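Thanks for coming. I'll keep this to one topic, the salt bridges, and then take questions.

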Amino acid sequence: MKNFIKIAPLVVALALVSCKKDQSADQLVIEQGTAQVAEPNIDSQEDMVKEAQSKPLTNIALSEAQFDFGKIKKGEHKEHTYEVTNTGKNPLIISQVKPGCGCTVPDYTKEPILPGQKGKITLKFDSSNFDGLVNKQAEIYANVEKAPIVIGFSADIQP
């Protein structure tokens, strides 16, 4: 009975408080109280590194870190595939590839890449909003010691 008396006010308080999702701030807002609890921000670089490195670490080798598309016409859509090789002893898990802006869309091997095996990361670029020389980058979050790994490309966009 004593436990019930201690718990009852908490149950009543929880029943009276309604919650809603605040879309603009991406946090939980309690309407009838003053407390606000922020949801985990999985988009922060620190959280992405922790998530990637939560798996047993391995090593990665890239076919290249930088690619040059050369001269392309404004509005063209280009893509380039970077080959990744797991040179370590544990499966390589690419948890996320985060481009620097919305003009670049990544695609990558989602399954674990076994030691000695290869995977791919493709960056698709829309040149519609650019003129002249551009350099773009993407960050690779994987279970490697020095994450994120940065890859990039350049292009000379002609009218």
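I'll go through the salt bridges pair by pair.

This is a predicted model, where local features need pLDDT of at least 70 and side-chain atom pairs count only at pLDDT 80 or more, while totals for chains, interfaces and linings use all residues. Residues are numbered from 1 along each chain as its sequence is written, and side-chain values use heavy atoms, with hydrogens and water left out.

How many salt bridges does the structure hold? There are 3, a salt bridge being a side-chain nitrogen of Lys or Arg within 4 Å of a carboxyl oxygen of Asp or Glu.

Take aspartate 131 and lysine 74, whose side chains meet at 3.2 Å, N to O. Aspartate 131 sits in the loop between strands S9 (118-126) and S10 (132-142), and lysine 74 in the loop between S5 (66-73) and S6 (77-86), so the bridge ties together parts 57 residues apart in sequence. Strands here are DSSP runs of E, at least two residues, numbered from the N terminus. Aspartate 131 is exposed at 53% relative accessibility, and lysine 74 is partly exposed at 37%. By exposed I mean over 50% relative accessible area; buried is under 20%, and partly exposed is in between, with a 1.4 Å probe and protein chains only.

Next, glutamate 83 and lysine 118, with their closest N and O atoms 3.6 Å apart. This pair links strand S6, which holds glutamate 83, to strand S9, which holds lysine 118, 35 residues apart. Glutamate 83 is partly exposed at 33%, whereas lysine 118 is exposed at 51%.

That leaves lysine 110 and aspartate 107, bridged at 3.4 Å, N to O. Lysine 110 is partly exposed at 48%, and aspartate 107 is partly exposed at 36%.

Terms used. Helices (H or I, at least four residues) and strands (E, at least two) are DSSP runs, numbered from the N terminus.
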